[in-house]
Number of protein chains: 2
Amino acid sequence: MIVDDSLKAWLALSLIRGLGGESARRLLKEIGLPEAIFATPASILKSYVKANIAAQIAQGIDEDALVSTLAWLQDDNNHIVTLADNDYPQALLNIPDPPILLYVKGRLDLLNHQALAVVGSRNATPQGINNAEAFAQSLSESGLCIISGMAHGIDAAAHRGALRCQGNHCGGSVAIVGTGLDKVYPAANRDLAHALAEYGALISEFPIGTPPLAANFPRRNRIISGMSLGCLVVEASLKSGSLITARLALEQSRDVFAIPGSIHSPQSKGSHALLKQGAKLVEAAQDILEELGSLFISEPATNQPPLDNHDPQELETSDAAILEHLGHDPVNVETLSTRCGLTVAELSAMLLTLELAGHISVLPGGMYQRVH
Amino acid sequence: MIVDDSLKAWLALSLIRGLGGESARRLLKEIGLPEAIFATPASILKSYVKANIAAQIAQGIDEDALVSTLAWLQDDNNHIVTLADNDYPQALLNIPDPPILLYVKGRLDLLNHQALAVVGSRNATPQGINNAEAFAQSLSESGLCIISGMAHGIDAAAHRGALRCQGNHCGGSVAIVGTGLDKVYPAANRDLAHALAEYGALISEFPIGTPPLAANFPRRNRIISGMSLGCLVVEASLKSGSLITARLALEQSRDVFAIPGSIHSPQSKGSHALLKQGAKLVEAAQDILEELGSLFISEPATNQPPLDNHDPQELETSDAAILEHLGHDPVNVETLSTRCGLTVAELSAMLLTLELAGHISVLPGGMYQRVH
């Protein structure tokens, strides 16, 4: 993108060490655009910010500090949008702490697209992953942009599902990340990051070069919820960071949705806690669309696939019987043995077959669960 | 039990062909006890009931019609309680259509014991059966009588679980059945019926000799919910009769509770429908006891097992440290951050966990406080 003096001043202001969002917004409100702020003497700046920060600003724009970012902006796919830009997500103007600028890699049009946050545990169950993909794809088919945090587990699955939708009616997908946009974290999501950069967008409030820092991840959650009409928690343990996103969504007056699961699954305990507190229980993407109602104007999808496209292959009778006994809750092999009247040895071989055929998953602790 | 003329008159009135509950209660209200009703001329009875029914009553008590019931009452364990008896379930006096008398086999004291309905699908999953047994046992240990319909599946499991509890503190179990009490339906539950007759009770509003008739089963559901403080639906398909019981419970201003499950399990779809309509999501028996609150005065259980053995109550050291620093006065997160030496971001996630686990509360203004 073309870098003018105005943008340089925004960038330089955002890079002033120790200048928090609240103070930066105070300067913008009281003095004006960043170019004007840099032209203001320290004696006046001191009325709004601490003395050491006023002194830094009064020294003017530090061109050296901008070099790496300006180099990054050489790529046509990379952008910076500031609070003053039309492309800045208008939804963020209603949250308490909007970043003064955002780094964007990919499609700028998605920043103001109607969106839904789809989040959940990193340590997800196979069924949780399937649900995240299926809901995200279906919601994208309906025209909603799927926003998540590109973390392992549910987040990545939500992005993948949304990107499966192809065509003009799709809502696309946006990742709000906790590092500089020159980094990919976690590294295992490199391919996903490239796909998002090409077909969706990655957004960060953190400067180019920012490594993964634990404190930055909860912080970016306010942008995930803030850019969204609502927040769907697909699967969450009681310690999942996605619960922070859900709470921020509530604070920002967004709808919170949660998918229920077995009361014995640790990965559903966070979701159930949300449901007890009033989150809306959803079983299908349609539940969310109905709840959003007039908030979201759905575009007609042309060829919407069913949510669950895993057609169960033909099963042998005994395999079908095992699936029947397995139910949809995690079960250990001893319990299953009692239920089926088969020995553990007999069962083990059959369970392996079912696992390889994709009908069941093995969970941590040797628990078995039906996938479909 | 001793059969006097008064009881014979109650029984004869209840056996008048075509006399519905509403008309019978009108006669009781306008004329008086059944003996007085049978002494009333048809010309007066006709002001309250149809002519053919008035004529039947005016013929006096048909002793032949009572023979089989009187024979059944020879067994000391068999009883009839009428609207005028102290043993009649007082909770039923608040429902729109209380039976004028009930046949009871077993413990009369359970008719006015604090109770919870535990119901669900006949076609239950193995996990659903386990949940029904575990919840019923735990609630019985807390002193609640478990009321259900003795159907296959969840109902039978609920009775079994409740009867597992042994000791004076147990709440016992009552089956409300849809046949005469000289029949057992379904036949597979014969052993359960015998156990209920010995350690709990079976109740029917249908005369001795009444076979299983489809129309009678939904009807007895109002007694299941009516005798209960609330209704727990353990697992229900969209066609489960237990949803009728849940709806009746709502109409009778009883709490409705539901256990969530996989969105892919047909046996959870009815439960999820209830949860969408405002039923309370429960993960453990304790959730129900807390919700019933002052409605239910729990008796101290001597040897109460943990409700859910997947639920680690142990706190991680860091969580314990936060509680220590929190003290028992409201504190804001900045103060707590200073006390703990953790960043606000680190703290936020940990505070949320503690909140969801019920250890702390968030007060207005973002203040945190220990709950215990």
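Predicted model: local features only at pLDDT ≥ 70, side-chain atom pairs only at ≥ 80, totals over all residues.
Which residue is the bridge partner of A:V174 in β6(A)? The partner is A:A201.

**View 1. Chain A as a whole.** Let us begin with an overview of chain A, which holds 16 helices and twelve strands. Its C-alpha atoms fill a box of roughly 85 × 40 × 40 Å along the principal axes. Of the 372 residues in chain A, 55% are buried. Among contacts in chain A with a separation of 6 or more, 72% link residues 24 or more positions apart. The chain exposes about 15,700 Å², and carbon and sulfur atoms supply 51% of that area.

**View 2. The nine-stranded sheet of chain A.** Here you can follow an open sheet whose strands come in the order β1-β2-β6-β5-β4-β3-β7-β8-β9, with mixed pairing. Strands β1 and β9 (280–281) of chain A stand at the edges with a single partner strand each, so one side of each has no neighbour in the sheet. Inside this order, β5 (residues 173–176) and β6 (residues 201–204) of chain A run parallel and are joined by three bridges. The pair from the opening question, A:V174 and A:A201, belongs to these two strands.

**View 3. Two helices on the sheet of chain A.** Helix α10 (residues 216–226) of chain A packs on the sheet, where it touches β2, β3 (115–119), β4 (145–148) and β5 of chain A. The direction of α10 makes about 155 degrees with that of β5(A). Another helix to look for is α11 (residues 242–251) of chain A, which lies across β3, β7 (230–233) and β8 (255–258) of chain A. Helix α11 runs at about 155 degrees to β7(A).

View 4. Strand β1(A) pairs with β2(A) in the antiparallel sense, over five bridges. Within that pairing, A:H79 has A:V104 of β2(A) as its bridge partner.

**View 5. Helix α1 of chain A and its surroundings.** The buried residues of helix α1 (residues 5–14) of chain A are A:L7, A:A9, A:W10, A:L11, A:A12 and A:L13. They pack against the helices α2 (21–30), α3 (34–38), α5 (51–58) and α6 (63–72) of chain A. They also pack against two strands of chain A, β1 (78–82) and β2 (101–106).

**View 6. A buried lysine in chain A.** A:K269 sits in helix α12 (residues 266–276) of chain A. With a relative accessible area of 8%, A:K269 is under the 20% limit and therefore counts as buried. Its side chain reaches the backbone oxygen of A:I263 at 3.1 Å.

**View 7. Two crossing helices in chain B.** Two packed helices are described by the angle between their axes and the distance between the axes. For helix α7 (residues 126–141) and helix α8 (residues 154–164) of chain B, the axes come within 7 Å and cross at roughly 35 degrees. The crossing of α7(B) past α8(B) is right-handed. Residues of α7(B) that take part include B:G128, B:I129, B:A132 and B:E133. On the α8(B) side, the residues include B:I154, B:A157, B:A158 and B:R160.

**View 8. Strand β5 of chain B.** B:S173 and B:A175 point one way from strand β5 (residues 173–176) of chain B, B:V174 and B:I176 point the other way, and all are buried. Strand β4 (residues 145–148) of chain B pairs with β5(B) in the parallel sense over three bridges.

View 9. Most residues other than glycine have a negative phi, and most peptide bonds are trans. A cis peptide bond joins A:Y185 and A:P186, with omega about -5 degrees. A:P186 is found in the loop between β5 and α9 (190–199) of chain A. In chain B, the bond from B:Y185 to B:P186 is cis, with omega near -5 degrees. A:S253, in the loop between α11 and β8 of chain A, has a positive phi of about 60 degrees. At 67% relative accessibility, A:S253 counts as exposed. B:M150, found in the loop between β4 and α8 of chain B, has a positive phi near 55 degrees. With a relative accessible area of 2%, B:M150 is buried.

Key. Residues numbered from 1 in each chain as written. Chains lettered and ligands numbered in written order. Heavy atoms only, no water. Helix = DSSP H or I, 4+ residues; strand = E, 2+ residues; numbered from the N terminus. Buried < 20%, exposed > 50% of the residue type's maximum accessible area, 1.4 Å probe, protein only. Polar contact = N/O pair within 3.5 Å; in protein donor to acceptor, adjacent residues only side chain to side chain. Contact = heavy atoms within 4.5 Å. Pairing = 2+ DSSP bridges. Axes fitted to C-alpha atoms, helices over the stretch in contact; angles between N-to-C directions. Areas by Shrake-Rupley, 256 points an atom, 1.4 Å probe, with all protein chains shown as cover. Left-handed = near helix turned anticlockwise from the far one by under 90°.
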